[in-house]
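I've opened my notebook on a structure that is new to me.

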Amino acid sequence: MPCLLLIVILAFPRLGLALLFFFTHYLDRAFNSIFVLILGFIFLPLTTLVYAWLINSHLPVQGINLLWLLLAALVDLGGLGGGYTRRRA
């Protein structure tokens, strides 16, 4: 079951965020404001999930953990910026 949840989260991060928001308190422990969570849902869903994982695992956001967070942000921003290159061609 955890492997299936991981596949769903990686394939559809917004669906994973919605499931975690409605059925657990996982995101409540990581974010104090619903506004930040909504912005993360709209713009950077994978980064929001990675940050929630870091906070809930009590891992510091430094070193290799910061690398995971930056990698998630690059993946999210790559998905947002891909439309420009397709439009130019």
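**Entry 1: the core.** I looked up the largest nonpolar core first, and it has nine residues: I9, L17, L20, L27, A30, F31, L37, L49 and A52. For my own reference, such a core is a set of buried Ala, Val, Leu, Ile, Met, Phe, Trp, Tyr and Cys residues joined through side-chain atoms within 4.5 Å. Buried means under 20% relative accessible area, exposed over 50%, and partly exposed in between, with a 1.4 Å probe and protein chains only. Helices α2, α3 and α5 each give two or more residues to this core. Apart from it I found another core, of five residues, including L46, L54, L69 and A72.

**Note on the model.** I'm reading a predicted model, where local features need pLDDT of at least 70 and side-chain atom pairs count only at pLDDT 80 or more, while totals for chains, interfaces and linings use all residues. Numbering starts from 1 along each chain as its sequence is written, and side-chain values use heavy atoms, with hydrogens and water left out.

**Entry 2: L49.** L49 has a relative accessible area of 9%, so it is buried. Leaving aside neighbours within four places in sequence, L49 touches I9, P13, L17 and L20, where contact means heavy atoms within 4.5 Å.

**Entry 3: helix α2.** Which residues of α2 are buried? I got P13, G16, L17 and L20. Seen down the axis of α2, they fall within an arc of 100°, so they line one face of the helix; the arc is taken from the directions from the helix axis to the C-beta atoms. F22 and F23 are exposed on the other side of α2. The cover over the buried residues includes α1, α3 (26-30), α4 (34-43) and α5.

**Entry 4: α1 against α2.** Helix α1 (residues 2-11) packs on α2 (residues 13-23) at about 120°, with the axes 5 Å apart. Axes are lines fitted to C-alpha atoms, for helices over the stretch in contact, and angles run from 0 to 180 degrees between N-to-C directions. The pair is therefore oblique, the class left once under 35 degrees (roughly parallel), over 145 (roughly antiparallel) and 65 to 115 (roughly perpendicular) are taken out. On the α1 side I listed V8, I9, L10 and A11, and on the α2 side P13, L15 and G16.

**Entry 5: T47.** T47 lies in helix α5 (residues 45-56). Is T47 buried or exposed? At 13% relative accessibility, T47 counts as buried.

Methods. Helices (H or I, at least four residues) and strands (E, at least two) are DSSP runs, numbered from the N terminus.
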